[in-house]
Amino acid sequence: MHDPVPVFVICGPTAVGKGTVVKALKAEYPQLEVSVSATTRPPRPGEVDGRDYYFVDEDQFARMRERGELLESAVVHGAHSYGTPRGPVEQSLAEGKTVLLEIDLAGARQVRQTLPEARFIFLLPPSWEELERRLIGRGTEGPEERSRRLETARVELDAAPEFDVCVINDKLDETVKELAEIMGLN
Ligand code: 5GP
């Protein structure tokens with residue numbers, strides 16, 4: 001047996017259900033530390049600062065980057081900046097906790113350089129049509145933003161072979177079970 005790996009990165013195209021899956025995982029396995037990202041994107045209705053994201057302005061984000069406070073950062077969907085605060089991740093690791101980062105492909109590639117021991121998980125939709133259906137169904141983006149996200153999704157799907165493991169997100173409870181096994185949460 002290998003020692004359990006404490007850092008996991010989960011990636012996947014827009015609307016594949018990363019947010020839902022990560023929330024369900026956290027609910028079932030509260031011992032899992034899910035990293036809270038900083039972003040310059042404005043909050044959506046219901047999102048809470050410090051819980052869903054740290055909502056910061058461009059200046060604050062730039063300062064965090066300059067001070068080396070971000071483990072990785074990227075402009076996602078050509079629009080807003082997102083980054084993983086370094087401090088909480090290091091703190092959790094020092095406490096022996098398992099940490100999960102839900103970030104985009106560019107961010108994952110940076111983490112591969114900075115934390116080479118991390119394991120990389122890619123979440124796949126059951127099909128391209130299903131992905132489009134989920135994106136339209138959640139109704140949080142207008143048509144322009146939607147087509148921008150689908151463009152990014154094509155590029156991201158092509159990167160699936162770079163990952164250590166791919167999980168098809170068909171039924172939520174099965175996905176959660178599979179991820180918990182991969183992360184050794186049981
Ligand atoms: P949303 O705006 O829908 O919450 O997130 C958009 C995308 O940003 C998602 O694909 C998510 O994986 C990515 N993202 C969220 N936080 C981070 C982060 O800290 N770093 C990077 N690189 N991407 C992130």
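Where in the chain is the place of Ala 15? Ala 15 lies in the loop between β1 (7-11) and α1 (18-28), helices (H or I, at least four residues) and strands (E, at least two) being DSSP runs numbered from the N terminus. The structure is a predicted model, in which local features need pLDDT of at least 70, side-chain atom pairs count only at pLDDT 80 or more, and totals for chains, interfaces and linings use all residues. Residues are numbered from 1 along each chain as its sequence is written, and side-chain values use heavy atoms, with hydrogens and water left out.

The phi angle of Ala 15 is near 65°, a positive value in a residue other than glycine. Most residues other than glycine have a negative phi. With a relative accessibility of 10%, Ala 15 counts as buried (under 20% relative accessible area, with exposed meaning over 50% and partly exposed in between; 1.4 Å probe, protein chains only).

The ligand sits in the largest pocket. A pocket is defined on a 1 Å grid over the protein atoms alone, as an open set of points with protein on both sides within 12 Å along at least five of seven lines; a molecule sits in a pocket if more than half of its atoms lie within 2 Å of its grid points. Around the ligand there are 16 residues, of which Ser 37, Arg 41, Tyr 53, Tyr 82 and Glu 102 come nearest (a residue is near a molecule if one of its heavy atoms lies within 4 Å of it). By class, this shell comprises 5 nonpolar, 4 polar and 7 charged residues, where Ala, Val, Leu, Ile, Met, Phe, Trp, Tyr, Cys and Pro count as nonpolar, Asp, Glu, Lys and Arg as charged, and the others, Gly among them, as polar. Strands β5 (70-76) and β6 (80-85) each supply at least two residues of the shell.

An oxygen atom of the ligand is 2.5 Å from an N or O atom in the side chain of Tyr 53. A nitrogen atom of the ligand is 2.7 Å from an N or O atom in the side chain of Glu 72, and for Asp 104 a side-chain N or O atom is likewise 2.7 Å from a ligand nitrogen. Taken alone, the ligand exposes 510 Å², of which the protein buries 93% (Shrake-Rupley method, 1.4 Å probe).

Arg 41, one of the residues nearest the ligand, is found in the loop between β3 and β4 (54-55). Arg 41 is buried, with a relative accessible area of 8%. Its side chain makes a polar contact with the side chain of Glu 47 at 3.0 Å (a pair of N or O atoms within 3.5 Å; within protein, one must be able to donate a hydrogen and the other to accept it, and residues adjacent in sequence count only if both atoms are side-chain atoms). The backbone nitrogen of Arg 41 lies 3.0 Å from a polar side-chain atom of Thr 39. Thr 39 belongs to strand β3 (residues 38-39) and, at 0% relative accessibility, counts as buried.

Definitions and conventions:
On a 1 Å grid over the protein atoms alone, a cavity is a set of points where a 1.4 Å probe fits but cannot get out, and a pocket is an open set with protein on both sides within 12 Å along at least five of seven lines; lining residues have an atom within 4 Å of a point.
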